[in-house]
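Have the structure open beside you as you read.

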Amino acid sequence: MANYFARPENSLNRAEELINVGQNQEALETLHSFITSRRHRAWTRTHEKIMFKYVELCVDMKRGRHAKDGLIQYRGICQQVNIGSLEEVIKHLLRLATDKVEHASQELEDALNVDDLEADQRPEDLMMSYVNVDKGKNRSDREWFKFLWETYRTILDILRNNSRLEALYAMTAHRAFQFCKQYKRMTEFRRLCEIIRNHLANLNKYKDQRDRPDLANPESLQLYLDTRFEQLKVATELNLWQEAFRSIEDIHGLMCMVKKTPKSSLMVVYYSKLSEIFWKSSSNHLYHAYAWLKLFSLQKGFNKNLNQKDLQLIASSVVLAALSAPLYETSYGASHLELENEKERSSRMAKLIAFDVESSSEHKEVLSRSALLFDLVAKGVLNCATQEVKDLYHILEHECLPLDLAVEVEPLLIKVSKLGGKLASASSVPEIQLSQYVSSLEKLAALRLLRRVSEVYQTINIVNLSKIIPFFDFPNVEKISVEAVKNNYLAMKVDYRKGAVLFGNKGLESEGIQHHLSAFAESLSKSRAMICPPAKRTKLGETLPDLLDVVEKEHKRLLARKSIIEKRKEEQERQLLEMEREEAAKRLKTQKITEEAEQRRLASEFEQMKNQRILREIEARELEEAQALLQEAEKRSKKKGKRTVLDGEKITRQSLMELAVNEQMREKQEMEKRLQKLGKTMDHLERAKREEAAPLIETLFQHRLTEEEALHVLEQQQEIGVSRQRHAGDLEEKKRLSRMLENQKIFRERVVSLRRGEFDRLKEERENRIKQILQSRKQEREAKRKMIYYLRCEEEKQKKLLEEEEARKLEELNRKKREAAEYKAKQDEIAEKQRQREREAEERQKRDLSVTTRTVDLVPPPAAVPTATPAAAAAAAAPAAAGGKYVPRFKRMAAEGAGSTGSRPDDRPAPNGDRWRDDRDRDRRPAAYGGWRSSKE
């Protein structure tokens, strides 16, 4: 029957009393009944002390199930009040279990020679344990390891959905990984990875749990990522490559959930481990090469401390890994199901390598050897590699004579195998050893050589073929060639009777024959066209001369119509997609609003139910406490013969509380009276005892004083005798040694003189060395001072030259500006003079015009109009220029010269500006014999 305690301290005291008398099992049951009791669910500091004592007992007695049950109950007690207390209790449990295991591991060598700590004991081991004591001790020590493993599992299970203890969850997972790594626990590590994987799956499955960790929080996401990367590192160190690949998938899946990409430092670890996994666990090294390419891009882009040597080594690894990829696809002749599986696997690997966190299926990268080599050249990876790797790439991937290929490749492979080492500037990258690629490169060289030999020869002797392929003997070459023929990379047969290798397929429908026949047909067609050129126009061409143009136009029109139809279809599909997207968005919005309203309603109902439940629990707890107090009071009252309080009465909770309080007050008063009476009795009894013991104590003291005085006298006499004997012995020793005193002095003087000479010599050497050092330092300072003075002079000289050059350039610029200003002023002056001359010429022309007008009015014109002279035409051109049109100077001078050599100024025609006036006057001039004549007449 479970014990009941009114206060938590009572249960703790009771447990300590039981532990002191060696009843640990009863103490554990007492604490367990208190922790699981519903009477004490309100957290206090005493609860934490009780839990500390409880986990100590569980560890000492190896009770993992009791520890798990107690931690689950304590989590419910302190979840909402003080979650830090649960963290302290769990840390204390881990500390105790770890200490026990460390102590056991120091005394144990072969206790862990089992595959599974959780497996039951075999019958033969159980029988051997009865006859072998050491085996039983090993089994006991092994149980500590099993208990620690169960403790890790218990803690991870308790903390899996608690957002407040995410750091403790991550720390426990890390320590569990280190436990598996330290003690080489393969089975437990696989089980631990599966546990953590299930925790994350349940976290995403049940998203409405309380205190659930939020992966959108950066701190929570970083803790989960650190845990997964630690899992990946430990898996690779334990050589569990399948579990390491599943850890890679866990990291990728976790980042796909939150649609984010980790930091570059974590991505370096990701790709380094991924490349190692692909190399160890896959025969197809194409994925390994792609992982190395990603790692090279990250190191080159984000590692600022990467030196040239490490970059060259990484680039060489990328190129050699790409060359190690197989030349042919292994899916030739596979079934449809196998092809679909291979396609799905390739798509999955491409997502892992590209770290594509989007779930869309568009723009998937195609992983192939040719695309990889093209990327190496395009991204400059080949330029960063060593010269040996570059030469090897050019020999294997470009044309080379088949007989010389092995001779050129073999020394390069020897040089490449010696390259490698630990990278100094990239700690996350594993140690690089290029020798691991040699076997794949030898196979590649053998395949390339066989392919090129098959293109040149039809038959070759087996002995000659073995000579030109020095990497392998002929059975290995035959094995490689069989795999190549199986995947349709080569076409060859081995004839052991003739000792020869036959290349090519004899069928007419083979690919090589088709290629040769098509080339032969093209050559014949060209030759026929050159020998017998076709006629320019046939009868059909004469009948339908534009047939080709019509056909071409019709073809173009059909193509245009097809493109228009396709565009319309695309537009219609786009509109349909847009409408579907809008409808989906509206539907999601409506659904989100409905879900939010439902969540608010559920939250309010949950809060109401919670409050009601808390009130009911409080009332029930108070009622139980009151009834318990009254029952205890009834028991005591029955023992004393008093009347029962609850006889046939129907009372309420309030009345129960009042009765309980009154009963407690009464009991308290009675207890105080009894204690006062007992105190008086004890006081009188103690006083009487002291009165009786006083004379006895005095007598005993006097007797003890006499004994100690006699003992002191005896010890003093013994000490005097011993001192006298020791003095006599010392005198004899002195007399014996006094004979050697002179020799001792002589020896000491000789040793001191030798040491003084050595000291003087060393002192002189030290002073000479100091003088030399001072002299050298003085010379160095003098040389340094001279160098500084020389550099300063050179600097001042250069500075002075620069200043002179700047001054010269500035002066040249100012001179050019002055010359430009003077040239501009001269041009302005010339233009002003030109404009002045033009104004004067215009005024002179106006005066001549007025004179000419008056002369025409007075003198009648002759009967025949004379032909205009060139001078008059030139003179007429000069005033026309005055109207605003620019006339060159040489034309104006020619016009003036022609005017001066012609007739008088009065005979010149009127300028162009007065032609209207001349016509009017001509029309109105008087007739020959009087009167005016009009031109209309």
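## Helices H2 and H3

Start with helix H2 (residues 24-36) and helix H3 (residues 45-61), whose axes come within 10 Å and cross at roughly 140°. This is a predicted model, in which local features need pLDDT of at least 70 and side-chain atom pairs count only at pLDDT 80 or more, while totals for chains, interfaces and linings use all residues. Residues are numbered from 1 along each chain as its sequence is written, and side-chain values use heavy atoms, with hydrogens and water left out.

Helices (H or I, at least four residues) and strands (E, at least two) are DSSP runs, numbered from the N terminus. Axes are lines fitted to C-alpha atoms, for helices over the stretch in contact, and angles run from 0 to 180 degrees between N-to-C directions. How are H2 and H3 oriented to each other? They are oblique; angles under 35 degrees count as roughly parallel, over 145 as roughly antiparallel, 65 to 115 as roughly perpendicular and the rest as oblique. H2 and H3 cross in a left-handed way (left-handed if the near helix is turned anticlockwise from the far one by less than a right angle, right-handed if clockwise).

Contact means heavy atoms within 4.5 Å. On the H2 side, the residues that meet H3 include Leu28, Leu31 and Phe34, and their partners in H3 include Ile50, Tyr54 and Leu57. The contact of H2 with H3 has 11 nonpolar, four polar and one charged residues (Ala, Val, Leu, Ile, Met, Phe, Trp, Tyr, Cys and Pro count as nonpolar, Asp, Glu, Lys and Arg as charged, and the others, Gly among them, as polar).

## Helices H10 and H11

Another pair is helix H10 (residues 218-237) and helix H11 (residues 241-258), which pack at an angle of about 165° with axes 8 Å apart. H10 and H11 are therefore roughly antiparallel to each other, and their crossing is left-handed. Among the contact residues are Leu225, Phe229 and Leu232 of H10, together with Ile248, Ile251 and Leu254 of H11. By class, this contact of H10 with H11 holds 13 nonpolar, three polar and three charged residues.

H10 has 20 residues and reaches 28 Å from its first C-alpha to its last, close to the 28 Å expected at 1.5 Å a residue (the expected span is 1.5 Å times one less than the number of residues).

## Two loop residues

Lysine 62 lies in the loop between H3 and helix H4 (64-78). Its phi is positive, about 60°, although lysine 62 is not a glycine. Lysine 62 counts as partly exposed because its relative accessibility is 26% (buried means under 20% relative accessible area, exposed over 50%, partly exposed in between, with a 1.4 Å probe and protein chains only).

Asparagine 239 is in the loop between H10 and H11. It also is not a glycine, yet has a positive phi of about 60°.

## Buried places

Is threonine 151 buried or exposed? At 4% relative accessibility, it counts as buried. Threonine 151 is found in helix H7 (residues 133-158) and, leaving aside its neighbours within four places in sequence, is in contact with Leu93, Leu94 and Ala97.

In H15, the buried residues are Ser347, Met349, Ala350, Leu352 and Ile353. They pack against H11, helix H12 (264-281) and helix H13 (286-302).

## The whole protein

The protein has 30 helices and five strands. Of its 937 residues, 29% are buried.
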